[in-house]
Amino acid sequence: MKMRWILLASVTLMLMLPTVLFAQAMTPEEVVTAMIEAEKAGDLEAQIALFADDAVYSILPPSPDMPGPIVGKDAIRARRERIAALNAETTTEITGVEGNTVTTLSRYIDEDLRSLGLEFLEGVEEYVIQDGKITEYTWTMTDESLAELMAAMPPETMPESGGGAFPMYAVIMAIGGLTILVGLGL
């Protein structure tokens with residue numbers, strides 16, 4: 001009986017040994033490549049599996065539906081489900097890898113943006129990878145895409161500036177300039 005257990009343990013160890021010896025954590029670039037492939041396939045579970053439990057997910061500039069960073073897989077899942085519900089399409093190209101940070105250039109379009117007459121929004125994505133998981137994700141819209149988005153938005157959806165007709169910073173600058181001139185005796 002004892003010999004059987006030793007034999008069974010030996011066979012099991014021999015079968016597992018190649019996996020243990022050759023198993024390696026994915027490189028940061030491989031993690032992002034896996035994310036790109038999961039997005040293309042529409043595989044939400046594969047996308048979420050690539051994030052760390054406490055990952056931070058940000059969109060810049062902030063939007064009304066995402067005014068700040070979200071944290072954790074549950075919040076990221078909810079965000080990604082909303083994106084999928086809008087029939088979003090993303091094309092992504094890795095543009096740089098430096099240490100554990102991967103940068104990409106992406107083009108994003110969904111039903112809401114199509115209804116505004118936009119072809120896509122372009123942004124730079126930055127992924128920070130630790131131990132084979134995405135710990136930080138930031139998508140920053142390019143200035144050109146931001147200008148196109150603002151031009152396409154109906155006036156009633158435009159964010160209010162909150163400022164008056166005459167900008168307060170101009171008053172502050174004028175007072176500061178006068179103070180400097182008086183201080184210099186001019």
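Which residue in β6 stands opposite valine 124? Select threonine 140 to find the answer: threonine 140 in β6 faces valine 124.

Some ground rules before the next stop. This is a predicted model, where local features need pLDDT of at least 70, side-chain atom pairs count only at pLDDT 80 or more, and totals for chains, interfaces and linings use all residues. Residues are numbered from 1 along each chain as its sequence is written, and side-chain values use heavy atoms, with hydrogens and water left out.

**Whole chain.** Colour by secondary structure. The protein chain has seven helices and six strands; these are DSSP runs numbered from the N terminus, helices being H or I of at least four residues and strands E of at least two. The order from the N terminus is α-α-α-β-β-α-β-β-α-β-β-α-α. Of the 186 residues, 27% count as buried, that is, under 20% relative accessible area with a 1.4 Å probe, protein chains only.

**The sheet.** Select the six strands. They form an open sheet in the order β2-β1-β6-β5-β4-β3, with mixed pairing. Two strands pair if DSSP finds at least two bridges between them. β2 (70-71) and β3 (89-98) are the edge strands; each has a single partner, so one side of each lacks a neighbour in the sheet.

**β1 and β6.** Select residues 51-60 and 133-141. These strands, β1 and β6, pair in the parallel sense over six bridges. Isoleucine 59 stands opposite tryptophan 139 in β6.

**β5.** Keep β5 selected. Seven of its ten residues are buried, so β5 is largely enclosed by the rest of the structure. On one pairing, β4 and β5 run antiparallel over eight bridges. Leucine 105 has valine 124 in β5 as its bridge partner. β5 and β6 are also antiparallel, joined by eight bridges.

**The turn.** End at aspartate 131. β5 and β6 form a hairpin with two residues between them. Aspartate 131, in the turn, has a positive phi of about 50 degrees.

Conventions:
Buried means under 20% relative accessible area, exposed over 50%, partly exposed in between (1.4 Å probe, protein chains only).
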